[in-house]
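Please take a moment with the sequence and the model shown here, and then follow the paragraphs below, which move from strand pairing to the core and on to the charged side chains.

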Amino acid sequence: MTIEGRCMKCKENKTMKDAQMTITSRGGYMAKGKCADCGCGMCRIMSKDNADKAVADGEAKKAA
Ligand SMILES: [Zn+2]
């Protein structure tokens with residue numbers, strides 16, 4: 001699976017690269033990465049299932 005996020009610069013959903021999975025203060029999952037097109041920072045809220053899958057598939061790294 002590919003992680004997509006909303007890019008504020010491109011103003012559309014783009015593939016996220018260098019994604020890192022982080023856990024928010026409320027216990028949710030969030031992927032943080034960069035727009036594959038312009039390199040602008042982006043993030044996306046993930047469900048636990050999707051977050052686990054993205055890490056298992058190597059689409060995202062677990063943030064330290
Ligand atoms: Zn972009």
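How many residues lie between S3 and S4 in the hairpin that they form, and which residue in the turn has a positive phi? Five residues separate the two strands, and Gly39 in the turn has a positive phi of about 80°. The model is a predicted one, in which local features need pLDDT of at least 70 and side-chain atom pairs count only at pLDDT 80 or more, while totals for chains, interfaces and linings use all residues. Residues are numbered from 1 along each chain as its sequence is written, and side-chain values use heavy atoms, with hydrogens and water left out.

S3 and S4 pair in the antiparallel sense over six bridges, where pairing requires that DSSP finds at least two bridges between two strands. Within this pairing, Tyr29 has Met46 of S4 as its bridge partner. Helices (H or I, at least four residues) and strands (E, at least two) are DSSP runs, numbered from the N terminus.

Met46 also belongs to the largest nonpolar core, which has 13 residues and in which Ile3, Met16, Met21, Ala31, Met46, Ala54 and Ala60 have the most contacts. At least two residues of this core come from each of strand S2 (12-23), strand S3 (29-35), strand S4 (41-46) and helix H1 (48-56). Such a core is a set of buried Ala, Val, Leu, Ile, Met, Phe, Trp, Tyr and Cys residues joined through side-chain atoms within 4.5 Å; buried means under 20% relative accessible area, exposed over 50%, and partly exposed in between (1.4 Å probe, protein chains only). If residues up to four places away in sequence are not counted, the residues that Ile3 touches (heavy atoms within 4.5 Å) include Met16, Met21, Ala31, Met46, Ala54 and Ala60, and also Lys14 and Glu59.

Lys14 forms one with Glu12, the closest N and O atoms being 3.7 Å apart, and Glu12, Lys14 and Asp37 are linked in a network of salt bridges. Lys14 counts as buried because its relative accessibility is 17%, whereas Glu12, at 41%, counts as partly exposed.

In helix H1, Lys48 and Asp52 meet in a salt bridge at 2.8 Å, N to O, and because they are four residues apart in the helix, about one helical turn separates them. Lys48 is partly exposed at 47%, as is Asp52 at 34%. A further salt bridge joins the side chains of Lys53 and Asp57 at 3.2 Å, N to O.

Notes: Salt bridge = Lys/Arg side-chain N within 4 Å of Asp/Glu carboxyl O.
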